There are 2 protein chains.
Amino acid sequence: MHTMMEYPLTLAPLLERAGKSFGGAEIASRLPDRSWRRYDYREFRRRSLALAECLLAAGIKKHERVATLMWNHYAHFETYFGVPLSGGILHPLNLRLHPNEIAFIVNHAQDRFLIVDDVLLPVLEKFREQVRFERIFVVRHSGPLPPGMEDYDEWLKQATGNVTLPALAENDGASMCYTSGTTGNPKGVIYAHRTVVLQSMAAAMVDTTAICRRDNILVASSMFHVNGWCLPYVAALVGAKLVLPGPLLDAESVLNILEDEKITIACGVPTIWMAVVEMLEKHPGRWKRAHDIRVMCGGSAAPEFLIRALDRHRIRLIHAWGMTETAPTATVSRLQPEMDNWPEDRKYAVRAKQGWPLPFVELRIMTPAGEAPHDGQAVGELECRGAWIAGSYYNAPGTDDRWSPDGWFRTGDMAAIDPDGCIRIADRSKDMIKSGGEWISSVDLENALISHPAVREAAVVAIHHPKWQERPLAVVVLRDHEKSSPEELRSFLGERFAKWQLPDDVVFVNQLPHTSTGKLLKAELRKQYATWKWSGV
Amino acid sequence: MHTMMEYPLTLAPLLERAGKSFGGAEIASRLPDRSWRRYDYREFRRRSLALAECLLAAGIKKHERVATLMWNHYAHFETYFGVPLSGGILHPLNLRLHPNEIAFIVNHAQDRFLIVDDVLLPVLEKFREQVRFERIFVVRHSGPLPPGMEDYDEWLKQATGNVTLPALAENDGASMCYTSGTTGNPKGVIYAHRTVVLQSMAAAMVDTTAICRRDNILVASSMFHVNGWCLPYVAALVGAKLVLPGPLLDAESVLNILEDEKITIACGVPTIWMAVVEMLEKHPGRWKRAHDIRVMCGGSAAPEFLIRALDRHRIRLIHAWGMTETAPTATVSRLQPEMDNWPEDRKYAVRAKQGWPLPFVELRIMTPAGEAPHDGQAVGELECRGAWIAGSYYNAPGTDDRWSPDGWFRTGDMAAIDPDGCIRIADRSKDMIKSGGEWISSVDLENALISHPAVREAAVVAIHHPKWQERPLAVVVLRDHEKSSPEELRSFLGERFAKWQLPDDVVFVNQLPHTSTGKLLKAELRKQYATWKWSGV
């Protein structure tokens, strides 16, 4: 019972307001050839609507999926609005996955159209035979158009600007994303328009990112990861200048952008910021204006030394936690006013935690004995529910056990919760390895290894790596009288896994540690190899 | 089609998070006897839940109304959550209205219970015979408990802390408010839980109020006006220190609070801030720390000289616009980055406009010829729609014409819209007078005046007033051979109107200006009396 008008939370009014109220604000894209393309939100709105019109002319029906295979730039951002406003669901593909995995995802999502960067056509070629796109549109940065494909920019020119967009409900799907943060096949999550709107509003709050009209944002997280952590949508919500860096995310490129584009806030995985710190310390005084920047850091835990090191260069890391299933930001760590007078060490310890839940996100920790107390000590599996948390996977029978009987999402992360609600991720329950912000499944690698005729048993564990945070180390027991080599096993795995997912080293041992019930004691192995010296480093 | 969990936007998780994540943040209330009562959000959560439990024990049913007659303090704030969480609808009464009007509103809303300040019992006495509250709970600041009434604090002590609150949907009503900003009977708007949540999130955005955990908020707008402009809810959303000033809003009291409570943001009508400026200029150096404060100012237009004067004291006025039907904030005026290098005069002119719509608020201006262009020149009636705009009045047949056939709310304000969407309110279409943030209907006064046997015709117009911004001036034509006096007519009107609604002066003339079709030419009268010297000033 209320007397308010019905008004769905969709991306349509968000785009209209961006084009109208801050039409002159800039969107700057660095292209694969290192050149820049710059235009403003007014032009962005026009082109996004043109894309929606062209998709409708191509016959797109409500909720049909449109895939993208693109770096971070203007055209990818146009699909963020153009596809959902046509009634379709945007489906950015993770170009770092193994071609077989991408093919699985495309077929599972039943993607109808593809929009692809010309520089990524070689990636497409590796799985094209396994999938069927009705039409493929190429964003051309250089070079000719392959036969059977269409030019994205030419396509947009067919738009008349006169189109009636379909009516949208806030529970209509807007975009989808697959997670490889689980074992087995990748699983998809479909975000509703409402999901994106609410996550964007919560992300914009002062105690989350404080992104506003006066910010210049560098999105250094991939736009194929959970809507680029939703930050491109936040930029459009508030009219911030948006800088999309294309494929080049080496430390020098990032620092040049921070300086030249007067960036005030950036986001990205810890790997990027570790490289940035190293570069800053190697070349003191080279970047004189790359400071007073806040950095939203997530994707994997940011170590305390990184937070301290960035502080020395007046770059303030803000630690956030989330995942594909949480759309993504669920917690953020900000010093509370009552901590202002705490000793420095204690403050850094807080900033290295994953922090407090955003409004409309609830957290609890569960052990086999039930819900654990929030005393900062008890560790259990972190579960969450909230206004932008997944309630199921798309068309994935047998995955219901990822939700509790009373409807909370089981994150797979082990955590402790302080009395005031601040969380600290202690470990992962499912032996996933987080390398440079991307997931590697140790279980999948183990299963593949023991399918090799020479292998009797195998364990893959996450070992700290100075650049990638974690890398997989395989510990293998060979069958009696069999022989193998690290090179042979890596090449064997290479048939199914992307190169970056392969164990960096393989150790052969006579036996693996087990529990009394015969389960692998991975904790023991992690301890044993904790100080492993990677051969390539 | 999406895979997200269902999670309604209600006030329940907002209160839980406030009690948990920033349980130690302060809520400070100044009581009618000038003493302070201070507690924290943890205690606030406990008491609000106790109120919900007590209301359930009293038999409240879903959507039944609970009225309040209170100043701004902790108990009023407790009703903001306790009533909606019990499933009821909070209904704060505007204690400044005429007793007959309050009685009409109570009966129209069918308020079942009342929670009232003991110092406001004399107000209650004036309409108590006309209404029927089942139970009356008194917040006692001093003095005995009248017979037949119950003590609010004693009542809360009956709560066990063990209660199952009713399940809430986001479209359940949370609170209601009557507007006197129209002619005829007051009209009610019922805000849903979702309305309050979305308005709070939008209000918290950096480019709106930027309210955050580190803010100390003074709510100097009445809590019976549109949820205290929603700012108490915003405070609970982000964990800001909340200061509720009770009845004392004279300039000296306000300045003492700004200084003593280290206020960083305040809100209130222009009248309050005009008095504050005057006091600051009269006593230079007396308040040394009452600065670096932002002031959300709405309720009526803030004149440019006020914005300039506050700037001289490092108090930054931020101009907002809204009304009861817009829950309330619809636009806010913030300088855009591209204006930074504009000359000062041009910047002040922008800040004196009502500004840009919040996300998920859409505006247009309509003339008899249709929608007018957004060229900053064309003036038409401002219409709006959005995520927190009323779609109807509660149980008010015959008011459908306040909405356009295509569902936009007709605000009654005349405005121009700049090409970038910034609005400027030019005038009102319905001859309402805005005095110190409260509405006075000139038409209602005119109708009452001509019911006096000596009056042939009457016009009431808004004339600028140095303190109240506008006050009503009555221009009266007497019947032949009849006599009257300003005193007699004011006393005649006093039977139906509150004292502050009466015309300050009455002028007798031989005739009033009319259009060719016989309608009163009020614009002509406003021009003629524009420089009226008020007798009391």
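Okay, one definition to start: I'm calling two residues "in contact" if their C-beta atoms, placed from the backbone, lie within 7 Å. And keep in mind that this is a predicted model.

So, the interface. On that contact rule, 56 residues of chain A meet 56 residues of chain B. Which elements of chain A supply at least two residues each to that side? We have helix H1 (11-21), strand E9 (187-192), helix H7 (193-204), helix H9 (231-238) and strand E19 (380-386). H1(A) gives the most, with 5 residues.

Now, how do the two chains sit relative to each other? Chain A superposes on chain B with a rotation of 180° and 0.0 Å of shift along the axis, at an RMSD of 0.1 Å. That's the relation of a two-fold axis. In chain A, the C-alpha nearest that axis belongs to A:Met205, 2.7 Å away from it. And 100% of the interface residues of chain A are interface residues in chain B too, so the copies meet through the same surface.

Last stop, one residue on chain B: B:Asp207. You'll find B:Asp207 in the loop between helix H7 (193-204) and strand E10 (216-219) of chain B. Is B:Asp207 buried or exposed? Buried: B:Asp207 has 25 other C-beta atoms within 10 Å, and the cut-off for buried is 20 or more. Leaving out residues up to four places away in sequence, B:Asp207 touches A:Cys212, A:Arg213 and A:Val238 across in chain A, plus B:Arg334 in its own chain.

Conventions
Residues numbered from 1 in each chain as written. Chains lettered and ligands numbered in written order. Predicted model: local features only at pLDDT ≥ 70, side-chain atom pairs only at ≥ 80, totals over all residues. Helix = DSSP H or I, 4+ residues; strand = E, 2+ residues; numbered from the N terminus. Least-squares fit on C-alpha atoms with pLDDT ≥ 70 in both. Buried ≥ 20, exposed ≤ 12 C-beta atoms within 10 Å, placed from the backbone.
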